[in-house]
Amino acid sequence: MKKLAALALCATMCFAGAMSVSAEDVVKIGVFEPASGDNGAGGKQETLGIQYANSVAPTVEIGGTEYTVQLEIVDNESSSEKAPTAAADLAGRGVSIVLGTYGSDAAMAASDTFAQAGVPVLGVTCTNPQVTEGNTHYFRICFLDPFQGTVLANFAADQFGAKKAYVLTKLGNDYSGGLGYYFTEAFEALGGEVISDQFPEGNADFTSYITTAVNEGADVIFAPTSTEAAQLIIDTAASQGVTVPLLAGDTWDSNVILNAAEGKDVQIYVTTFYQEGGNEEFDNGIKEWINADDTNLANNGGDDTVAAVTAMGYDAYFTALEALKNAGSTDPAAVNEALWDTTYTGVTGEIAFESENGDAIRDTAYVKQANTETVAWDFVAEQGVN
Amino acid sequence: MDFINKNLPYLLAGISVGGQYALIAIGYTMVYGILRLINFAHGDIFMVAALVTVYATTTMPLYVSIPLTLIVTVVLGLAVERVAYKPLRNAPRMSVMISAIGVSYLLQNLALYVTGGLAQTYPAIPFISDTIQIGSATTKMVTVVTPILTIILVFALMQLINHTKIGMGMRAAANDFETSRLMGIKVDNVISMTFLIGSLLAAIGSVLYFTNYASVVPTSGAMPGLKAFVAAVFGGIGSIPGAVIGAFIIGICENIIKGLGWTTFSDAFTFALLIVILIVKPTGLFGEGATDKV
């Protein structure tokens, strides 16, 4: 009797499983983002943008049929070791396209896994050139580090007349090292001098690094690091009475940084993809959506500041929908083919891909300063490369 | 003078972090001294203490939340001993070690679950997080408080060990576990006391450490724990003064190395130092002589 019951249960479950698939047409979009580890905070904000976009447009018409979009979310733990496993998990769930990831390290580590599975990936904020270089399945909608590094070097030289920069990067991190390298190259080309240091994984003591920067008489400190390290760097800089500006790349554009800098006497400048207030409708919509749900609020760091990565996540989702429409099918190979010619006008600007590596064509970045009193970002300049 | 001005901040950072390593290292060395067990979960208990403070301060004032942190940490330390180590007292030493590693990962993953993987900002504690000026260096009050507090606590601990009944019990148990049991010493109480002291010092260390480095993630305990363990081995595991001196040496050397511009090698140096010491003097700086127990 027991065996019979178990058998019946199995049969019902199989049947129910089969039913749920045939009941409606579903297209799966993979979300390959970190929810823990170094980039957990940023990854969660990026995922929020994707989830919000999904709540705005839950369905898409592909080849004349209305499909429901189902997000398949995995956590790559900000780690190059865990990323391939998470990627394989996504590929196994039959996704048509994958969005992500925050953090170029994990993107590069998982790239081959996606290539073997034949799934196209749309990078949201992975800025290292090597992510898309020499492959045809990894695309991205953000600007690249050589561009960002040059923008920051120009900004340091133009705005502060900086002659000497202290560059602090994380040892063995592709994003951090890459951006530091491009900044150094551009800054030296402008006639400046660079002192560089690296800190190892798990380091919490930045006192010595900041002391070195002060001792060497640096005019700016450039620290392209994860937000985790950033909190500590800001805290150390403030407690040591550092007066020179701190510069950083897109990762620092987060309310984690704002909260760390609150009430402290520090100057922080970042380059980023989107400035809050750039699109009223999107800002208001997402704030309302974030505030409506405690989990979302916690994932956004406890308040409703719109991070640039959230806006990028939002745009990535709609770009993916465009690609699905253009492909006219949910077959990953067809989507991959269609991505090359996909264009979309998002809240962060025009998105189109160049035909060699599938990088977005972008020529401006926003520079923002952390306001330590209002705990918000103040817009400083829109900077291009001269 | 210029030389001192330039290098003072490195030295101060070294002394401060050394004191914090020392408070953790005592926990390792005492437990090892008595149980011959390397308590791998100790660094994670240190991390949990920080998380308790983070969450407690959101609802309670500091004068409640810090004592609460100390109490919760001590209870956790005792609970770990009761649940994960005591049942294995007569098991092979390796089993207890594996159990300790298990507890370590359990605590890390619980912290990951509770925090949701996001870094928690440690609250600023008045007085010790105030900024002060020492010579040319600007730093936090905690930098000065740490070494002083560490020395006071170590002194008090030495008094406890050398001049009280429970201290005598600890020395006896460290010397010969079985014989002290036969002599009527309640070894279980002695062990509990050891874990109590170790956890208490780790909790105090966490308040000092995270006031300086105000971000807590589930793996925050791993690196300080490892360095403190190295300090304990360096000083001669089982010896309290050895652990403290070892911790200060490691803290200061590490920061001087960074000051010299070899930042990349600061961790490599710490562990290279360990290897060299063990080759030259296998029992550490103040380690007990030949022992037939290990």
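Domain bounds here come from an automatic or database domain assignment. This is a predicted model, in which local features need pLDDT of at least 70, side-chain atom pairs count only at pLDDT 80 or more, and totals for chains, interfaces and linings use all residues. Residues are numbered from 1 along each chain as its sequence is written, while chains are lettered from A and ligands numbered from 1 in the order in which they are written.

**View 1. The two domains of chain A.** Chain A splits into domain 1 (25-143 + 280-353) and domain 2 (145-272 + 366-383). Taken over C-alpha atoms, their centres are 27 Å apart. Where they meet, domain 1 of chain A puts in 19 residues and domain 2 of chain A puts in 20; two residues are in contact if their C-beta atoms, placed from the backbone, lie within 7 Å. On the domain 1 side, α2 (40-56) and α4 (104-117) of chain A each supply at least two residues. Helices (H or I, at least four residues) and strands (E, at least two) are DSSP runs, numbered from the N terminus.

**View 2. Where chain B meets chain A.** Here 28 residues of chain B touch 29 residues of chain A. Helix α1(B) gives the most to the chain B side, with 5 residues. Sorted by class, that side of chain B has 12 nonpolar, 12 polar and 4 charged residues. For this count, Ala, Val, Leu, Ile, Met, Phe, Trp, Tyr, Cys and Pro are nonpolar, Asp, Glu, Lys and Arg are charged, and the others, Gly among them, are polar.

**View 3. The six-stranded sheet of chain A.** This open, mixed sheet runs in the order β2-β3-β1-β4-β5-β6. Two strands pair if DSSP finds at least two bridges between them.

**View 4. The largest nonpolar core.** Of its 201 residues, L99(A), I221(A), A25(B) and A231(B) touch the most other members. Such a core is a set of buried Ala, Val, Leu, Ile, Met, Phe, Trp, Tyr and Cys residues joined through C-beta atoms within 7 Å; buried means 20 or more other C-beta atoms within 10 Å of a residue's own, exposed means 12 or fewer, and partly exposed is in between, with C-beta atoms placed from the backbone. Helix α1(B) brings the largest share of this core, 16 residues. Leaving out residues up to four places away in sequence, I221(A) touches Y166(A), L168(A), A213(A), V244(A), L246(A) and L247(A).
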